[in-house]
Structure formats: C-alpha cells, structure tokens
Amino acid sequence: NNNNNNNNNNNNNNNFKDINILRDYWDLNMGFKYTPLFKDDNLNINDLNNDIDLNTYVTINLKFDIIVIENYKKNSNQYLSINDIIHAILIKIKCFNLNSSINEKNLFYLGYPCNMRKRCNLTENIIGNVESFPTLVLSIDLIKNSTILQLAIENRKRVLEINQQFMKENLNWFIHFASKKQNPLNYLPLKVNLYNHRVTNWSTYDYDQIQFDQMKPILLKAPCIAKNGVSVITFDKRNENKILETTITIPIETLNQLQQFEQETQLFNFQINQN
C-alpha cells in the first residue's frame with residue numbers, strides 16, 4: 001500500500017511559524033530528520049561526523065537504453081514515463097539489503113524536483129527554475145515484493161498528485177525556513193543514507209532545439225554526487241541509440257544482487273565507477 005498519505009498529513013497545516021512543525025513537515029514529507037551536524041554559524045563540511053564506512057560502499061555507473069525502456073513501458077496499460085521506470089529501478093537497487101527494521105517507520109523515500117511550468121500554465125521560456133519537490137514514500141516491504149512496473153506506477157501516481165497547491169505549500173515552507181535562519185546542512189543528508197535517495201534528471205529538456213552555432217549537443221555530463229545520496233541523470237547520444245546515465249552508491253556486498261538484477265531485467269547495464 002502506497003504510504004503517500006504521509007504527505008497529506010500536514011497538507012492543511014500551512015503555518016510553519018513553530019520550528020517543531022517546520023521540522024516535522026520536512027521529516028514526514030521528505031524523509032529528512034533534523035540532524036544538527038553543524039553549528040548554525042559554522043558551515044565547514046569537513047566537520048561532518050560520518051558514521052558510515054564508505055570503504056564498504058561502491059559507486060556504480062548505470063546506463064539505460066531509451067529504446068529498451070520504451071519497449072518495456074508497453075507492458076503497462078497506463079501511461080508511464082522513462083523517469084517512472086528509472087526511478088523504480090533505483091528504488092529496487094537501494095533496497096537490496098534493507099529490511100523492515102532499518103528505520104522505525106519501515107519507509108523508503110525517493111525525492112525529485114518536479115518541473116511545474118505546465119502545471120502553472122507557464123511556458124518553457126520562463127527564465128529560472130519553476131519547481132516543486134515531491135517525495136515518493138513507500139514501505140520497504142512493498143518495494144521488495146513489487147515489480148519494476150508496479151513501482152513505476154506508484155511513482156506515476158505521486159507525480160499526478162503534484163499541483164499548484166503543493167507548490168505553494170513547499171514555497172511557504174522555504175520562506176519560513178529562511179526567516180528562521182536555519183542551516184540547510186542540518187536538514188539534508190550529506191552522506192550515504194540507507195532509506196532516502198534523491199534523483200534529478202538533467203536530460204528532460206529538449207536539447208535538440210538548442211544550437212551552438214551549427215553544433216548540437218550529443219553528450220551531457222554532471223558531477224558525481226552519488227555518495228551524497230543524489231543520482232543525476234544525463235545522456236549520451238554519440239552512438240546510434242540515446243543512452244541515459246546516472247550513478248548510485250551501494251554497499252559492496254550487494255554487487256552480486258545488482259548483477260543478477262541486471263541479467264533478469266535487461267533494462268540497464270552497470271560498471272563500477274573508477275573515479
């Protein structure tokens with residue numbers, strides 16, 4: 001059962017003047033607990049107390065063939081985007097070695113920025129970001145017992161729930177966050193997070209319409225921040241088929257599961273990131 005109801009618990013509560021309400025909203029809707037890793041007047045990231053041994057983790061490069069993903073989508077009777085499928089794959093990978101006792105809520109959170117231009121009746125020509133930040137919240141048990149297609153459908157349901165009211169609530173939260181001079185580093189995971197992941201797709205814009213003199217982009221790259229719990233989706237069009245790429249950091253002990261998952265689904269291939 002989809003746990004998106006958590007997102008609705010505070011939908012009618014737009015008063016974030018109370019710092020505890022502000023923090024509870026972030027926890028319930030985004031899955032990020034307020035964790036004061038830094039003094040509010042000190043933003044030195046080197047002071048981070050990282051209690052996870054990164055030597056037991058490995059960063060993976062994932063590649064998705066768009067034609068293969070498009071063909072897989074046809075197995076669903078309802079519309080699914082490429083993002084829905086990729087999000088589902090990332091969720092399955094992140095939950096390989098999780099169990100229901102990983103956190104007291106037995107939940108996994110996948111967050112992503114959502115382009116709000118169409119929802120706000122704006123065109124793509126509007127300068128600046130017009131985004132909201134939904135989070136898909138699912139039980140770990142549900143993830144383990146669901147297919148990629150089923151998880152992709154859950155992701156699509158969440159996307160369809162995003163509207164102008166949700167964006168206004170998000171903006172209201174950020175306004176109060178800034179007015180209270182809160183340190184963002186105390187609210188975001190700056191290390192591997194077992195039950196929370198972020199993903200942002202940089203390949204969704206129509207780059208074919210962007211011209212640099214007589215040249216067109218064939219490759220888009222981004223910094224690898226997988227160890228900070230963020231997968232950035234980019235593209236490579238140097239070969240015949242357009243390939244989407246991203247990175248994700250996982251426990252080394254799950255590499256065999258990943259290899260088996262790759263062979264079973266045939267939806268992606270992976271390599272160990274050597275950087």
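Reader: Which residues are linked in a network of salt bridges?

Author: The general idea is that side chains of opposite charge can pair when their charged atoms come close. In this predicted model, a network of salt bridges links Lys63, Lys221 and Glu245.

Reader: How many salt bridges does the count come to?

Author: The count comes to six salt bridges. One of the pairs is lysine 73 with glutamate 70, whose closest N and O atoms are 3.0 Å apart.

Reader: Where do lysine 73 and glutamate 70 lie?

Author: Both lie in helix α3 (residues 66-73), three residues apart, which is about one turn of the helix. Lysine 73 counts as buried, at 15% relative accessibility, while glutamate 70 is partly exposed, at 32%.

Reader: Which parts does the pair of aspartate 84 and arginine 156 tie together?

Author: The side chains of these two residues meet in a salt bridge at 2.8 Å, N to O. Aspartate 84 belongs to helix α4 (residues 82-94) and arginine 156 to helix α6 (residues 148-161), so the pair ties together parts that are 72 residues apart in sequence.

Reader: Is aspartate 84 buried or exposed?

Author: Aspartate 84 counts as buried because its relative accessibility is 0%, under the 20% cut-off. Arginine 156 is also buried, with a relative accessible area of 12%.

Reader: What separates glutamate 161 and arginine 158 in helix α6?

Author: About one helical turn separates them, because they are three residues apart in that helix. Their side chains meet in a salt bridge at 2.7 Å, N to O. Glutamate 161 is partly exposed, at 35% relative accessibility, whereas arginine 158 is buried, at 2%.

Conventions:
Residues are numbered from 1 along each chain as its sequence is written. This is a predicted model: local features need pLDDT of at least 70, side-chain atom pairs count only at pLDDT 80 or more; totals for chains, interfaces and linings use all residues. Side-chain values use heavy atoms; hydrogens and water are left out. A salt bridge is a side-chain nitrogen of Lys or Arg within 4 Å of a carboxyl oxygen of Asp or Glu. Helices (H or I, at least four residues) and strands (E, at least two) are DSSP runs, numbered from the N terminus. Buried means under 20% relative accessible area, exposed over 50%, partly exposed in between (1.4 Å probe, protein chains only).
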